[in-house]
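Me: Hi! I'm new to reading protein structures. Could you go through this one with me?

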Amino acid sequence: MKKIILSLLVIALVIPVAQAAPPADVTAPIHQFIDGFNTGDVKSAYAAYASGDIVIVDEFAPHLWVGPQAAHNWAADYDKHTQATGVSDGSVKYGAPTRTEVEGSTAYVVIPTVYNYKEHGKAVAEEGQMTFVLRMEQGTWKIAGWTWTGVEPHPAK
């Protein structure tokens, strides 16, 4: 009996125990979307979105985009907004999440942001945050919706 216990102990020490894979990074599609926006890589940005209905809330009219084409419609309206207001060189800087909640196949992530751009050639900044809702699709996190909340635009320092 001692030999069996000793053998089991040796086996337990030598054979690695299978470990669960680490959870997928919920920020990966967020970075993919924002980095795609910043570099003009719309294909990458769109690939960060979940299938089905998406919800986007942003500061420019019409402020709300809903449905399977929400990301495309938001981008088209963003382009119209920038042309109408003299906005150019838009980019978003982001920090580490200030809050992350994961429950099963859904996640809620808040990140601090600064939206920098030029308006009629003058540098403007807006500090704020983006709140994302993500859902797991085939083992990968995808963006199901997001909101932008920011301060009044002001001259960049």
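Me: Let's begin with proline 62. Where does it lie?

Reply: Proline 62 lies in the loop between β1 (54-57) and β2 (64-67). Keep in mind that this is a predicted model.

Me: What kind of peptide bond joins alanine 61 and proline 62?

Reply: Those two are joined by a cis peptide bond, with omega at about 10°.

Me: And histidine 63, what is phi there?

Reply: Phi of histidine 63 is near 75°, which is a positive value in a residue other than glycine. Histidine 63 also has its place in the loop between β1 and β2.

Me: Which loop holds histidine 120?

Reply: Histidine 120 is in the loop between β5 and β6. Its phi is positive too, near 50°. Histidine 120 counts as exposed because its relative accessible area is 63%, and exposed means over 50%.

Me: New topic: helix α2. How far apart are its end C-alpha atoms?

Reply: They are 16 Å apart. The 12 residues of α2 (residues 28-39) should span 16 Å at 1.5 Å a residue, so the two values agree.

Me: Which residues of α2 are buried?

Reply: They are Pro29, Ile30, Phe33, Ile34, Gly36 and Phe37. Looking down the axis of α2, you find these buried residues within an arc of 155°, so they line one face of the helix.

Me: What covers them?

Reply: The cover includes α3 (42-47), α4 (70-85), β3 (87-94), β5, β6 (122-137) and β7 (140-150).

Me: What follows α2?

Reply: Glycine 40 does, and its phi is positive, near 80°.

Me: How much space is in the largest pocket?

Reply: About 330 Å³. The lining has 20 residues, and those nearest the centre are Phe37, Gly40, Val42, Tyr78 and Asp79. Two or more lining residues come from each of α2, α3, α4 and β3.

Me: Which element gives the most to that lining?

Reply: That's α4, with 6 residues.

Me: Last one: is threonine 113 buried or exposed?

Reply: Threonine 113 is buried, because its relative accessible area is 4%, and buried means under 20%. This residue is in strand β5 (residues 106-119). The side chain of threonine 113 reaches the backbone nitrogen of glutamine 129 at 3.4 Å. Beyond its neighbours within four places in sequence, threonine 113 has contacts including Val92, Tyr94, Met130 and Trp148.

Note on methods: Residues are numbered from 1 along each chain as its sequence is written. This is a predicted model: local features need pLDDT of at least 70, side-chain atom pairs count only at pLDDT 80 or more; totals for chains, interfaces and linings use all residues. Side-chain values use heavy atoms; hydrogens and water are left out. Helices (H or I, at least four residues) and strands (E, at least two) are DSSP runs, numbered from the N terminus. Buried means under 20% relative accessible area, exposed over 50%, partly exposed in between (1.4 Å probe, protein chains only). A polar contact is a pair of N or O atoms within 3.5 Å; within protein, one must be able to donate a hydrogen and the other to accept it, and residues adjacent in sequence count only if both atoms are side-chain atoms. Contact means heavy atoms within 4.5 Å. The expected span of a helix is 1.5 Å times one less than its number of residues. The arc is that of the directions from the helix axis to the C-beta atoms. On a 1 Å grid over the protein atoms alone, a cavity is a set of points where a 1.4 Å probe fits but cannot get out, and a pocket is an open set with protein on both sides within 12 Å along at least five of seven lines; lining residues have an atom within 4 Å of a point. Grid points are joined across faces, edges and corners, and a volume is the space filled by probe spheres set on the points.
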